[in-house]
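Take a look at the picture first, then read on.

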Amino acid sequence: MKALITGASSGIGREMAILLSQKGYDLILVARRKKRLEELKKQLATDVQIIALDISSTFNCMKLYNKVKKEDIEIVINNAGFGVFGEFTETKLDEELDMIDTNIKAVHMLTKLFLQDMKIKDHGYILNVASSAAFLPGPLMASYYASKAYVFHLTEAIYEELRRNHIHVYIGTFCPGPVDTEFNDVAQVQFGVKSISSVDAARYAVNKMFQRKRIIVPGFFMKLNCTCNRFLPRKWLLKICYHIQSRKEISYEK
């Protein structure tokens, strides 16, 4: 049994690696920070292959796939991603494009490449990490919210294609709310509501993945929030989201 996890050097990806290792999975861990991966490898009991790679490059995504495609990979978790905070006209274009490459292009490529192999075997798991942001407009984090909406809708569409063709490969989306990770520092925000720990988030996601849950949203409050959003007028959601986002910036600056 073998699992591949991107963005595995910290946060949810790191905790997923620990959980899957405890379940007996050998691991292929991918992230930019080699030292962090090496430190994690020392803590795990199963066989671990580390690949220090920046998957915001489409060339590197193909390089990663070609490197491991002959491995018998049962699970692929597309976890790598980050956010950029600020008004759309003020945020740095190069940072946003790097985010789009990581949050969208890398997920798209790795999902497609590994799913093609899993489809032949008629077995496997692909978990794409999105966010509760996927269900909302995101003023002050417009590009990030849009990127997670892409991941969510792409995964949903693939799920239905597999279901209708009676393919037994699992694909699902993990859509957490605020999680206590390094994301806050990278995006330069602080959440106004209580975050769940990356340990709890990872445990919930892995358990629901094995239960073949299509959409995975941890926490009663976030489930309720996602449900209520469907019934609110879009203009209200825009105003509410802007208010919440602006409070993140204020909290971070304190």
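## The cavity

The largest cavity has a volume of about 40 Å³. This is a predicted model, where local features need pLDDT of at least 70 and side-chain atom pairs count only at pLDDT 80 or more, while totals for chains, interfaces and linings use all residues. Residues are numbered from 1 along each chain as its sequence is written, and side-chain values use heavy atoms, leaving out hydrogens and water.

What lines the largest cavity? Val84, Gly86, Phe88, Thr91, Glu96, Met141, Ala142 and Ser143 do. That lining splits into four nonpolar, three polar and one charged (nonpolar means Ala, Val, Leu, Ile, Met, Phe, Trp, Tyr, Cys and Pro; charged means Asp, Glu, Lys and Arg; the others, Gly among them, are polar). A cavity here is a set of points on a 1 Å grid over the protein atoms alone where a 1.4 Å probe fits but cannot get out, and lining residues have an atom within 4 Å of a point. Its volume is the space filled by probe spheres set on the points, which are joined across faces, edges and corners.

## Helix 4 and helix 5

Now for the helices (DSSP runs of H or I, at least four residues, numbered from the N terminus). The axes of helix 4 (residues 93-121) and helix 5 (residues 142-164) come within 9 Å and cross at roughly 10°. Axes are lines fitted to C-alpha atoms over the stretch in contact, with angles from 0 to 180 degrees between N-to-C directions. Helix 4 is therefore roughly parallel to helix 5 (under 35 degrees; over 145 is roughly antiparallel, 65 to 115 roughly perpendicular and the rest oblique).

## Helix 3 and helix 4

Helix 4 also meets helix 3 (residues 58-68): their axes come within 9 Å, crossing at roughly 25°. So these two are roughly parallel as well. Helix 3 passes helix 4 in a right-handed crossing (the near helix is turned clockwise from the far one by less than a right angle).

On the helix 3 side, Thr58, Cys61, Met62, Leu64, Tyr65 and Val68 take part, with partners in helix 4 including Lys105, Phe114 and Asp117. The contact of helix 3 with helix 4 has 10 nonpolar, one polar and two charged residues.

Key
Contact = heavy atoms within 4.5 Å. 1 Å grid on protein atoms, 1.4 Å probe; cavity = no way out; pocket = protein on both sides within 12 Å on 5 of 7 lines; lining within 4 Å.
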